[in-house]
Amino acid sequence: MATASELLTHVDHEALHAYLERARWFGSKGRRFTVSEVHVLGEVAPPPGEAAASPAPTDHSTRPAEAAREPRVVVALAEVAFDDGGEPERYQLPLALYDEPQERLDHAFVGRWPAPDGAATGTATDAGAEVVAYDAVQDRAAMALYLRSFETGSGSAIGFVRLGGHELDLTAPGSPFTGEQSNSSVFFGEDSVLKLFRKVTPGENPDVTTHRVLTEAGSTHVAHLYGWIEHDDTHLGMLQQFLRTASDGWGIALASVRDLFAEADLHAEEVGGDFASEAARLGEALAEVHAQLREAFPTDTVDAAHVAQVMTDRLEAAIEVVPQLAEHADAARAVFAAMAGLGELPVQRVHADLHLGQTLRTVGGWKLVDFEGEPAKTMDERVRPDSPWRDVAGMTRSFDYAPHAVAASMPEQDPDVLHQRAIRAGEWARRNRKAFLAAYCGDAGFGAEDRTLLTAYVVDKAIYECVYEARNRPTWLSIPLEGVARLTSD
């Protein structure tokens, strides 16, 4: 039987290029690139001696002959080189390999290439046989192999590590989550969720390490970690608790804003969908998580002047992308200068990319998700201790985004209506920021130094948002740009 590496000996780089270009999780869309190398990490398979189970048909249209076949699942890294000379990137490709086309997986087709010595998956022996590759995330049979490997091991260089405390339902069928972007997730019934990291860098992934310590600390504000996948010192994925009753925090906030806009004569606290109590619970949850992270990870201090200079440099770079920021630049520099005089700032492990879209509301309270950090930063930067105010700033900016995003999505009307809508959006944002901050700070209160720090981090976050929107959603650029204007004029 051919080895995992042999199966990809003649891999079609052009096919991989086309596949990456259309993948939602490919992070460098719009840049010209080539697939320069393919590194085979190993195979997801039962340990030697264990019989491979046959996958059940995935739908009524599957032919019996296809349904009885189990793929070879090979995990590879595609190294991408850019024509603009930027740093190369590596993307994880979990591939379900067959020796003939599988009609049920046409939507997940990756490519086809000659099999080594006519032996594609260990069953074909005819000369001229092919390897037919599909995205394993979309193949229920392949995902069944992943799930079983958390119990039995994979029998290859890829390690499946389990934490105790939960008995996996190995019969649960895998269903890919269609809303994922930077990674790929698969639900196993209502028991567990597998997240495979697509853009991979060597070393620990904070999504794994942070969830691990919070799980072991008994945190009620995260989905518990059941295990992870690794190769050498690199995390490839993680298996977590399925939150059956979860609702997206961003969606709940938008519904609250719509309720407010529908009641033209009522204030935010008078509307049935008032979000302030939920904002307060979010503040309490974040405070508890920060306290647990301080206990579990090393803490340190940084010079406030250095942080302020980094923020100032980021502003100067942002002006090159968003020239409209120039008129607010002096005021923003003054905000950062005020922060620079605060001396040493305590830093610790934080979420680092917190907003309403990274929260889930369950019957058991709020859960924080996706501790990978800001996507634009390197992995070293993501695991570096940072100020807790970074997370607080991210959430307060999200409270500003929600009402203005709803307002931007509504049909244009006369100036008076638009003016009233803007006033009500500001009222909603202020009310929820206040409730969140009061709960987060608790008995310690929110002092003058805290205000200086938070203002700097919020302005820095809004500047980052301006660059993001200019590059990805130009029609939303006005939301963070107006936020910078408000924050620097107070």
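**Note on helix packing and selected residues**

1. Asp370 sits in the loop that joins strand 16 (365-368) to helix 10 (379-383). The model is a predicted one. Asp370 is not a glycine, yet its phi is positive, near 55°. With a relative accessible area of 25%, Asp370 is partly exposed, because the partly exposed class lies between the buried limit of 20% and the exposed limit of 50%.

2. Asp232 also deserves a look at the backbone. Its phi is positive, about 55°, although Asp232 is not a glycine. The residue belongs to the loop between strand 10 and strand 11 (234-241). Asp232 counts as exposed, because its relative accessibility is 67%.

3. Ala223 is placed in the loop between helix 5 and strand 10 (225-231). Is Ala223 buried or exposed? At 4% relative accessibility, Ala223 counts as buried. Leaving aside residues up to four places away in sequence, Ala223 touches His211, Thr215, Gln240, Gln241 and Leu243. Arg112 is 111 residues from Ala223 along the chain, and the C-alpha atoms of the two are separated by 38 Å.

4. Next, helix 5 against helix 7. The axes of helix 5 (residues 206-216) and helix 7 come within 10 Å and cross at roughly 100°. Helix 5 is therefore roughly perpendicular to helix 7, since angles of 65 to 115 degrees fall in that class. On the helix 5 side the contact involves Thr210, Val213 and Leu214, which meet Val289, Gln292, Leu293 and Ala296 of helix 7. Sorted by class, this contact has 5 nonpolar and 2 polar residues, with no charged residues.

5. Helix 7 (residues 276-296) also packs with helix 11 (residues 388-409), at an angle of about 160° and with the axes 11 Å apart. The two helices are therefore roughly antiparallel to each other, because angles over 145 degrees count as such. Their crossing is right-handed. Helix 7 contributes Ala279, Leu282, Leu286 and His290 to the contact, while helix 11 contributes Pro388, Asp391, Val392, Met395 and Phe399. The class count for helix 7 with helix 11 is 7 nonpolar, 1 polar and 1 charged.

6. How are helix 11 and helix 12 packed, and at what angle? Helix 11 and helix 12 (residues 415-441) pack at about 155°, with their axes 9 Å apart. Helix 11 is therefore roughly antiparallel to helix 12. The crossing of helix 11 and helix 12 is right-handed. From helix 11 the contact residues are Pro388, Trp389, Val392, Met395, Thr396, Phe399, Asp400, Ala402, Pro403, His404 and Ala407. Those from helix 12 include Arg421, Ala425, Trp428, Ala429, Asn432 and Arg433, and also Phe436, Leu437, Tyr440 and Cys441. By class, the contact of helix 11 with helix 12 has 15 nonpolar, 3 polar and 3 charged residues.

7. Finally, the cysteines. How many disulfides does a search of the whole structure find? The search finds 0 disulfides.

Terms used:
Residues numbered from 1 in each chain as written. Predicted model: local features only at pLDDT ≥ 70, side-chain atom pairs only at ≥ 80, totals over all residues. Heavy atoms only, no water. Axes fitted to C-alpha atoms, helices over the stretch in contact; angles between N-to-C directions. Helix = DSSP H or I, 4+ residues; strand = E, 2+ residues; numbered from the N terminus. Parallel < 35°, antiparallel > 145°, perpendicular 65-115°, else oblique. Left-handed = near helix turned anticlockwise from the far one by under 90°. Contact = heavy atoms within 4.5 Å. Nonpolar A, V, L, I, M, F, W, Y, C, P; charged D, E, K, R; others polar. Disulfide = S-S within 2.5 Å. Buried < 20%, exposed > 50% of the residue type's maximum accessible area, 1.4 Å probe, protein only.
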